[in-house]
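Hello,

Please find the structure below. My notes on its side-chain interactions follow it.

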Amino acid sequence: MIAEGGGQIRIAPNDDSPAYTDVLNRIIYIAPGTLANSGSGDGPSLVSALTVELNNLSRAQSANEVAWLADQGGMNARSFAQEYERIEYDSAQSHAEVFRQAYSALEQHGEANNPDRWFSERNEQGGFEAAFSSFEDYLGVQRETGHTDVYEDRFRQTYNRD
C-alpha cells in the first residue's frame with residue numbers, strides 16, 4: 001500500500017457507517033463507535049474494520065479504472081455500483097482469508113467468536129469459509145441492504161446521469 005502512495009486514516013464524522021474508504025483519495029474513515037470497539041462490542045471491531053478497509057484501499061487501482069470508465073461515459077449508475085461492489089467482494093473474500101489464517105491470534109483477543117465481522121461462517125467440517133460463495137450472492141445481499149444504492153447515488157451526483 002505504501003508503494004501505491006500510502007493513505008490516511010481519519011475518524012468519520014458520525015456512526016452512519018462503521019467504516020468506509022475513499023479509495024480515490026486514499027482515505028479510510030473509521031466511525032467513533034467502531035474505533036471504540038476492541039472486539040467485545042456489537043458490530044465491527046476496530047481490527048476487523050481496519051482490515052477490510054485496508055483490503056479495499058489495496059484495490060485503489062481497480063477503483064481508479066472504474067472511475068475512468070465512468071468519466072469516459074462507459075457506465076451507468078447500475079454498472080458503476082456493480083463494479084464497486086465487485087471490488088468490495090474481492091476485499092470480503094480476502095478478509096475471510098485473513099480470518100482463517102489469523103484465527104488463533106484473533107481467538108486470543110475475542111475476535112474468533114464473530115466470524116461475520118470477517119465475512120466468514122462455519123462450514124460443515126467445523127472450519128471457516130467465506131460467507132459469500134459467489135459475487136452474485138454478495139451483490140444480492142448488498143442490494144437488499146441498500147449498500148449498492150450508495151454507489152448508484154454517488155454516480156448520479158458525480159456524473160448527473162443515470
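**Charges and rings**

The charged end of R154 sits over the ring of Y84, 5.9 Å from its centre. The rule for a charge over a ring is NZ of Lys or CZ of Arg within 6 Å of the ring centre and within 35 degrees of the ring normal. R86 lies over the face of F135, at 4.1 Å from the ring centre.

Before the rest, the ground rules. This is a predicted model, where local features need pLDDT of at least 70, side-chain atom pairs count only at pLDDT 80 or more, and totals for chains, interfaces and linings use all residues. Residues are numbered from 1 along each chain as its sequence is written, and side-chain values use heavy atoms, with hydrogens and water left out.

**Aromatic pairs**

Rings of Phe, Tyr and Trp (its six-membered ring) pair if their centres lie within 6.5 Å; planes under 30 degrees apart count as stacked, over 60 as edge-to-face and the rest as tilted. The count comes to 14 aromatic pairs. Y103 and F128 form a tilted one, with 5.2 Å centre to centre and 35° between the planes. Y103 lies in helix α5 (residues 103-108) and F128 in strand β5 (residues 128-130), so this pair ties together parts that are 25 residues apart in sequence. Helices (H or I, at least four residues) and strands (E, at least two) are DSSP runs, numbered from the N terminus.

F128 is buried, at 12% relative accessibility. Buried means under 20% relative accessible area, exposed over 50%, and partly exposed in between (1.4 Å probe, protein chains only). The ring centres of F132 and Y138 are 5.1 Å apart and their planes stand at 90°, so this pair is edge-to-face. Both F132 and Y138 are buried.

Y84 also belongs to a cluster. Its aromatic members are F80, Y84, Y151, F155 and Y159.

**Salt bridges**

The count here is 7 salt bridges, each a side-chain nitrogen of Lys or Arg within 4 Å of a carboxyl oxygen of Asp or Glu. E83 and R86 meet in one of them (3.4 Å, N to O). Both lie in helix α4, 3 residues apart, about one turn of the helix. E83 is partly exposed at 26% relative accessibility; R86 is partly exposed at 31%.

R156 has two partners to note. E152 bridges to R156, with the closest N and O atoms 3.7 Å apart. D153 bridges to R156 at 3.3 Å between the closest N and O atoms. E152 and R156 both lie in helix α7 (residues 147-159), 4 residues apart. D153 and R156 are 3 residues apart in helix α7. E152 is buried, at 11% relative accessibility. R156 is partly exposed at 32%, and D153 is partly exposed at 39%. R143, E152, D153, R156 and D162 are linked in a network of salt bridges.

**Around S120**

S120 is in strand β4 (residues 120-122). S120 is buried, with a relative accessible area of 5%. Its side chain reaches the backbone oxygen of W118 at 3.1 Å. Leaving aside neighbours within four places in sequence, S120 is in contact (heavy atoms within 4.5 Å) with A96, F99, P115, E129, A130 and A131.

E97 and S120 are 23 residues apart in sequence and 8.5 Å apart in space, C-alpha to C-alpha. E97 is in helix α4 (residues 77-101) and is partly exposed, at 31% relative accessibility. A polar contact of 2.5 Å joins the side chains of E97 and Q101. A polar contact is a pair of N or O atoms within 3.5 Å; within protein, one must be able to donate a hydrogen and the other to accept it, and residues adjacent in sequence count only if both atoms are side-chain atoms.

Best wishes
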